[in-house]
Amino acid sequence: MAICRSVFLHSPLLHHPPQPQVLSKPTFFSPNYPPKFSKFTKLPLLHQNPKPHNTTISSLGCTSSASSSMESPPEGYRKNVGICLISPSKKIFAASRLDMPNAWQMPQGGIDENEDPKVAVIRELKEETGVSSAEVLAEAPSWLAYDFPPEVREKLKHQWGSDWKGQAQKWFLLKFTGNEEEINLLGDGSEKPEFGKWSWMSPEQIIDLAVDFKKPVYEEVLAVFAPYFQ
């Protein structure tokens with residue numbers, strides 16, 4: 001699939017999918033909202049068992065003995081997985097939202113009922129980016145949570161049919177082992193596309209381009225995974 005490219009600030013080349021469908025959803029993010037970061041316990045990383053370099057993520061789902069739920073997510077928050085995908089050159093994957101092009105983020109997505117987070121991270125990565133060639137390197141042992149701004153919470157309440165305070169996220173670090181041609185922001189076709197452009201970025205760029213209410217979680221996640229960026 002052909003990929004167009006353009007330059008954005010100091011980040012690497014941006015990549016455009018072939019005419020993704022622009023969502024009709026309203027803009028959910030409010031960059032001026034002051035961030036609120038729920039408390040969590042900072043613990044050492046959970047390291048995954050070594051895997052062959054050229055294996056696909058679909059083979060990694062539940063092979064690790066490390067628990068995905070050392071702590072329970074806070075009540076009233078939607079359970080979610082966060083995906084920090086790094087390239088062999090140790091840059092981090094980020095994409096701009098179709099409903100707010102100036103808002104860049106790492107992939108994330110809701111955890112289905114009774115779904116293991118390690119399974120959810122595999123599913124969400126492929127649904128949002130088309131990527132199946134990746135190796136799980138580590139898992140953050142704590143659930144990290146952020147609050148929705150009031151206007152975001154109200155809009156999502158109508159969209160989801162549930163009134164969540166925010167999202168509680170289980171974060172995983174993965175290494176991309178495929179070719180960039182595999183990255184497709186149309187995803188695997190099972191969900192509407194969410195992103196319009198993608199780029200490999202530094203941790204500083206990831207935080208700088210994130211919406212304000214996600215910045216504290218991003219700062220903590222990138223600090224926890226920092227040894228892998230060296």
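Tyr146 is buried in this predicted model, at 2% relative accessibility. Buried means under 20% relative accessible area, exposed over 50%, and partly exposed in between (1.4 Å probe, protein chains only). Residues are numbered from 1 along each chain as its sequence is written, and side-chain values use heavy atoms, with hydrogens and water left out. As the model is predicted, local features need pLDDT of at least 70 and side-chain atom pairs count only at pLDDT 80 or more, while totals for chains, interfaces and linings use all residues.

**Aromatic rings**

- Rings of Phe, Tyr and Trp (its six-membered ring) pair if their centres lie within 6.5 Å; planes under 30 degrees apart are stacked, over 60 edge-to-face, and the rest tilted.
- The count by this rule is eight aromatic pairs.
- Tyr146 pairs edge-to-face with Phe148, at 6.0 Å centre to centre and 80 degrees between the planes.
- Phe148 is buried too, at 7% relative accessibility.
- Trp198 and Trp200 also make an edge-to-face pair, with 5.8 Å between centres and 85 degrees between planes.
- Trp198 is buried at 2% relative accessible area, and Trp200 is buried at 7%.
- Phe93, Phe176, Trp198 and Trp200 make up one aromatic cluster.
- The charged end of Arg78 sits over the ring of Trp160, 4.1 Å from its centre. The rule asks for NZ of Lys or CZ of Arg within 6 Å of the ring centre and within 35 degrees of the ring normal.

**Nonpolar cores**

- A nonpolar core is a set of buried Ala, Val, Leu, Ile, Met, Phe, Trp, Tyr and Cys residues joined through side-chain atoms within 4.5 Å.
- The largest core has 31 residues, and Cys84, Trp171 and Phe225 have the most contacts inside it.
- Helix H4 gives the most to this core, with five residues.
- Cys84 is in contact with residues including Ile92, Trp171, Leu222 and Phe229, leaving aside neighbours within four places in sequence. Contact means heavy atoms within 4.5 Å.
- A second, separate core has 25 residues, among them Val81, Ile83, Val131 and Ala145.

- Helices (H or I, at least four residues) and strands (E, at least two) are DSSP runs, numbered from the N terminus.
- H4 spans residues 215-224, and eight of its ten residues are buried.
- Those buried residues include Tyr218, Glu220 and Leu222.
- They pack against elements including strand S4 (77-86), strand S10 (166-176) and helix H3 (203-209).
- Asp212 lies in the loop between H3 and H4. Asp212 is partly exposed, at 24% relative accessible area.
- In S8, six of six residues are buried.
- S8 and S10 run antiparallel, joined by five bridges. Two strands pair if DSSP finds at least two bridges between them.
- Val136 stands opposite Leu174 in S10.

**Salt bridges**

- A salt bridge puts a side-chain nitrogen of Lys or Arg within 4 Å of a carboxyl oxygen of Asp or Glu.
- The whole structure holds ten salt bridges.
- Arg97 and Glu194 form a salt bridge at 3.8 Å, N to O. Arg97 is in strand S5 and Glu194 is in the loop between S10 and strand S11 (195-201), 97 residues apart.
- Arg97 is buried at 7% relative accessibility, whereas Glu194 is partly exposed at 25%.
- Arg123 meets Glu115 at 2.8 Å, N to O. Arg123 also bridges to Glu124, with the closest N and O atoms 2.8 Å apart.
- Glu115 is buried at 13% relative accessibility, and Glu124 is buried at 7%.
- Asp112, Glu115, Arg123, Glu124 and Glu127 are linked in a salt-bridge network.
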